[in-house]
Protein chains: 2
Amino acid sequence: MADTETTTESVPEPAPDEATNSPAPSRRSLLGWGGAGLALGAAVAGGAVALARDGDDEAVPAGEAGAAVTFHGRHQAGIATAVQDRLHFAAFDVKTADRAEFVQLLKDWTKAAARMTAGHEVGEGAYGSLAEAPPDDTGEALGLKPSRLTLTIGFGPSLFEKFGLEDRRPEALVDLPKFPGDNLDKARSGGDLCIQACADDPQVAVHAIRNLARIGFGKVAIRWSQLGFGKTSSTTPDAQTPRNMMGFKDGTRNIAGTDAPRLTRHVWVDETDTDANSAWMTGGSYLVARRIRMNIETWDRTSLQEQEDVFGRDKGEGAPVGKAKERDEPFLKAMKPDAHVRLAHPDSNGGATILRRGYSFTDGTDGLGRLDAGLFFLAYQRDVRKGFIPVQRSLSEQNDALNEYIQHVGSAVFAIPPGVRDKGDWWGRALFAKSPEEA
Amino acid sequence: MADTETTTESVPEPAPDEATNSPAPSRRSLLGWGGAGLALGAAVAGGAVALARDGDDEAVPAGEAGAAVTFHGRHQAGIATAVQDRLHFAAFDVKTADRAEFVQLLKDWTKAAARMTAGHEVGEGAYGSLAEAPPDDTGEALGLKPSRLTLTIGFGPSLFEKFGLEDRRPEALVDLPKFPGDNLDKARSGGDLCIQACADDPQVAVHAIRNLARIGFGKVAIRWSQLGFGKTSSTTPDAQTPRNMMGFKDGTRNIAGTDAPRLTRHVWVDETDTDANSAWMTGGSYLVARRIRMNIETWDRTSLQEQEDVFGRDKGEGAPVGKAKERDEPFLKAMKPDAHVRLAHPDSNGGATILRRGYSFTDGTDGLGRLDAGLFFLAYQRDVRKGFIPVQRSLSEQNDALNEYIQHVGSAVFAIPPGVRDKGDWWGRALFAKSPEEA
């Protein structure tokens with residue numbers, strides 16, 4: 001693969017005034033089909049239409065489902081971005097101990113991610129210039145739109161040990177404690193790093209993870225992965241709150257992707273959070289991922305009253321107990337003491353607030369014919385110790401009524417580095433670059 | 001549950017002149033939210049907008065993604081219907097030996113299927129009149145559009161034995177032979193019956209299977225299930241052919257849902273195919289389901305030339321070897337003798353033609369970090385002995401070049417009864433009704 005200098009020339013970048021909400025061209029129309037000798041230049045000439053300048057602290061419109069989300073910016077896309085319809089999440093183990101080889105992979109990944117999120121193929125595409133070589137791109141996303149694909153990388157605690165970077169590990173990246181009720185499967189937990197792919201078309205998200213895994217062959221291997229088929233949270237203000245697999249709206253009061261003050265307060269790491277060793281995280285965030293299995297069959301045999309008591313909301317409108325509308329301010333004392341909304345509310349947790357971005361999953365059926373379904377919970381926060389941990393401690397130790405119907409079966413935590421600022425930058429550069437000049 | 005007479009009154013049915021391509025109302029707008037006392041009558045008053053009169057041998061337009069597909073008709077919907085974006089397929093084992101109990105389940109299922117495909121909730125909904133009772137509907141599809149949901153039932157060979165109906169088993173419903181290279185997992189094969197749920201929104205398809213499984217609790221249990229995230233075949237003439245996980249277009253010459261002569265010739269069972277015992281199948285079809293695992297990682301390291309030789313098409317356009325356009329007539333002799341298109345072509349198999357309706361799947365990764373992905377192949381045909389069997393025999397015995405990269409790991413075959421003709425009819429009535437008058 002080429003070095004970053006070449007990257008600068010080969011990744012198409014929209015002019016600022018193109019960053020509007022225009023319909024996106026399809027991958028096919030960008031590329032055309034001139035024959036086997038198709039040059040990369042043709043793809044570059046097509047350009048890319050960007051939807052939302054996600055990296056900046058500006059409003060992020062929900063936009064058209066087929067459009068492209070800008071890859072470069074102060075923050076990574078896929079956090080404050082209006083939640084896309086589908087998810088493919090992969091946790092990787094790093095197989096190489098060679099720092100230079102790993103750095104090259106991060107550069108190659110960055111280049112591929114910039115291309116795919118813009119709606120282009122990886123490298124010279126699925127239909128490259130050499131018939132004798134495997135194509136650079138696996139091809140199943142040809143002809144599909146960019147579909148608001150975002151690719152978000154995260155670094156797990158074990159990565160810092162692997163490359164002798166223990167002193168650069170931020171204090172906020174704690175190992176999660178064991179919570180009461182946890183029943184974690186090691187094969188669905190942890191990981192040296194993660195990539196979250198979100199898109200409005202699942203084939204686009206799956207294609208992205210597959211091609212990144214392929215680029216990483218021999219250097220990283222997928223440890224576990226998760227497909228999500230339905231978003232359970234919205235970061236778009238006033239949008240309809242999606243329903244989870246229990247049929248309820250949850251996360252009504254989620255942080256909106258357009259709410260810069262709340263994002264600054266609860267999601268983005270800033271200079272006041274870091275020291276010299278962790279300064280590389282400025283502009284980043286922390287991600288907690290939990291696979292939460294729902295005991296669907298038990299839940300489905302529970303009365304409506306019990307279901308509503310458990311959540312502290314009515315099922316139809318989603319209004320908090322005693323209120324008329326979903327977005328009415330909850331009156332916590334009207335709820336049962338163990339109601340989910342009451343125990344999860346910031347007022348019950350010293351103000352702890354997280355940005356939720358979870359997806360419903362259904363992975364077929366288990367050996368007993370029960371649906372293996374639930375919530376793949378994804379939460380972004382400025383400090384795990386002030387976000388997920390106090391909330392989950394409250395839910396688990398105070399016996400959230402929901403605990404009878406759910407079980408946490410997978411868990412991971414990742415440091416999400418800041419965005420890739422420009423074409424010369426790459427995922428994790430501030431952490432892995434050897435000298436300040438290089439960074 | 002109520003008997004079929006009540007069904008007649010409670011299932012809303014569009015007037016014929018409403019069967020147009022109008023935007024569909026959302027489930028929420030159909031129902032409204034008046035409070036806990038919501039009566040079924042309110043849902044009925046809302047009515048349903050039907051998209052395509054699928055059951056008839058008329059043209060079936062692709063239509064608007066959110067609309068409803070008519071449930072009643074001569075044939076079941078979900079076969080000639082323009083292929084929807086997502087699949088949830090479930091095979092069930094029957095747990096009851098009581099024919100009357102099973103017949104009641106078929107009636108209850110039919111009623112629920114008619115309601116869900118029209119965009120309504122099951123029974124009295126997720127927000128029924130009794131807070132003390134579990135809601136009739138699990139609720140996660142509330143507020144979602146009908147999303148062109150179709151529900152298609154099939155009966156497996158073992159069902160006939162279970163209810164002493166061996167003499168009613170059609171000759172065309174053969175047990176599939178073992179093909180060379182088959183590596184079938186029993187836990188992913190067979191089943192007394194199946195339900196195929198297709199929709200443009202996966203949450204709508206998953207909701208439908210979950211609610212049918214719930215209605216069947218104690219009488220049937222899910223044996224295996226499969227989610228499909230991307231269609232791999234189109235039944236819409238001139239639509240872009242979707243790409244499979246190998247990045248290729250396959251099934252270009254699929255039978256169009258609008259091509260009545262080919263449907264009549266290759267898909268629908270008619271009077272000439274049946275005798276007195278199998279007359280109940282007139283208007284039906286036969287379904288073969290195969291889970292085909294792709295060795296994605298091996299394929300991705302194969303040269304473009306080899307990939308194109310394997311399929312007998314070029315990767316970009318999808319044109320047959322030596323031709324310019326995807327839909328050009330293939331010249332089989334120009335292809336390698338073991339090319340997939342050549343061996344699967346009707347001219348190589350005595351004219352055998354099937355209607356393909358398969359979906360790509362990705363079920364995470366296997367224990368070796370490889371993507372557990374491939375094609376969930378679904379093929380409809382008038383007679384399995386003249387459809388899937390000769391084609392698959394040709395592919396497996398003549399060493400289809402694709403066999404190096406794929407493996408069949410699951411298999412099932414089902415008789416698909418004709419459509420539910422009207423509100424008094426139910427799935428499988430002609431097979432299970434005890435007397436001709438009852439049928």
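Figure 1. The model is predicted: local features need pLDDT of at least 70, side-chain atom pairs count only at pLDDT 80 or more, and totals for chains, interfaces and linings use all residues. Residues are numbered from 1 along each chain as its sequence is written, and chains are lettered from A and ligands numbered from 1 in the order in which they are written.

**Figure 2. The side of chain B that touches chain A.** In this interface, 49 residues of chain B are in contact with 49 residues of chain A (contact: C-beta atoms, placed from the backbone, within 7 Å). At least two residues each come from α6 (202-215), β4 (220-228), α8 (296-300), α9 (304-311) and β8 (359-365) of chain B. Helices (H or I, at least four residues) and strands (E, at least two) are DSSP runs, numbered from the N terminus. β4(B) gives the largest share, six residues. By type, this side of chain B has 19 nonpolar, 20 polar and 10 charged residues (nonpolar: Ala, Val, Leu, Ile, Met, Phe, Trp, Tyr, Cys and Pro; charged: Asp, Glu, Lys and Arg; polar: the others, Gly among them). The copies meet through the same surface, because 100% of the interface residues of chain B are also interface residues in chain A.

**Figure 3. Strand β8 of chain A and its partners.** β8(A) (residues 359-365) is largely enclosed by the rest of the structure, since five of its seven residues are buried (buried: 20 or more other C-beta atoms within 10 Å of the residue's own; exposed: 12 or fewer; partly exposed: in between; C-beta atoms placed from the backbone). Strand β5 (residues 230-231) of chain A runs antiparallel to β8(A) and is joined to it by two bridges; strands count as paired if DSSP finds at least two bridges between them. Tyr359(A) in β8(A) stands opposite Lys231(A). Strand β9 (residues 371-381) of chain A is also antiparallel to β8(A), with five bridges, and Ala373(A) in β9(A) is the bridge partner of Thr362(A). Five residues lie between the strands of the β8(A)-β9(A) hairpin, where Gly369(A) takes a positive phi near 75°.

Figure 4. Eight of the nine residues of β4(A) (residues 220-228) are buried, so the strand is mostly covered. Eight bridges pair β4(A) with strand β1 (residues 86-94) of chain A in the antiparallel sense; His88(A) has Leu227(A) in β4(A) as its bridge partner. The largest nonpolar core has 224 residues, and Ala205(A) and Ala205(B) have the most contacts inside it (a nonpolar core is a set of buried Ala, Val, Leu, Ile, Met, Phe, Trp, Tyr and Cys residues joined through C-beta atoms within 7 Å). Apart from neighbours within four places in sequence, the contacts of Ala205(A) include Arg86(A), Leu87(A), His88(A) and Leu149(A).

Figure 5. In α11(A) (residues 388-397), the buried residues include Phe388(A), Ile389(A), Val391(A), Gln392(A) and Leu395(A). They cover an arc of only 165° around the axis, which puts them on the same side of α11(A) (the arc is that of the directions from the helix axis to the C-beta atoms). Their cover includes β6 (285-294), α10 (340-344) and β9 of chain A. Just after α11(A), Asn399(A) has a positive phi of about 55°. In α9(A) (residues 304-311), the buried residues are Leu304(A), Gln307(A), Glu308(A), Val310(A) and Phe311(A). Their arc is only 155° around the axis, which puts them on the same side of α9(A). α10 of chain A is included in what covers them. Gly312(A), with a positive phi near 85°, follows α9(A).

**Figure 6. Phe102 of chain A.** Phe102(A) is in helix α4 (residues 99-117) of chain A and is buried, with 23 other C-beta atoms within 10 Å. Leaving aside neighbours within four places in sequence, Phe102(A) is in contact with Val94(A), Thr96(A), Phe163(A) and Lys219(A). Leu371(A) is 269 residues from Phe102(A) in sequence and 39 Å away in space, C-alpha to C-alpha.

Notes. Contact = placed C-beta atoms within 7 Å.
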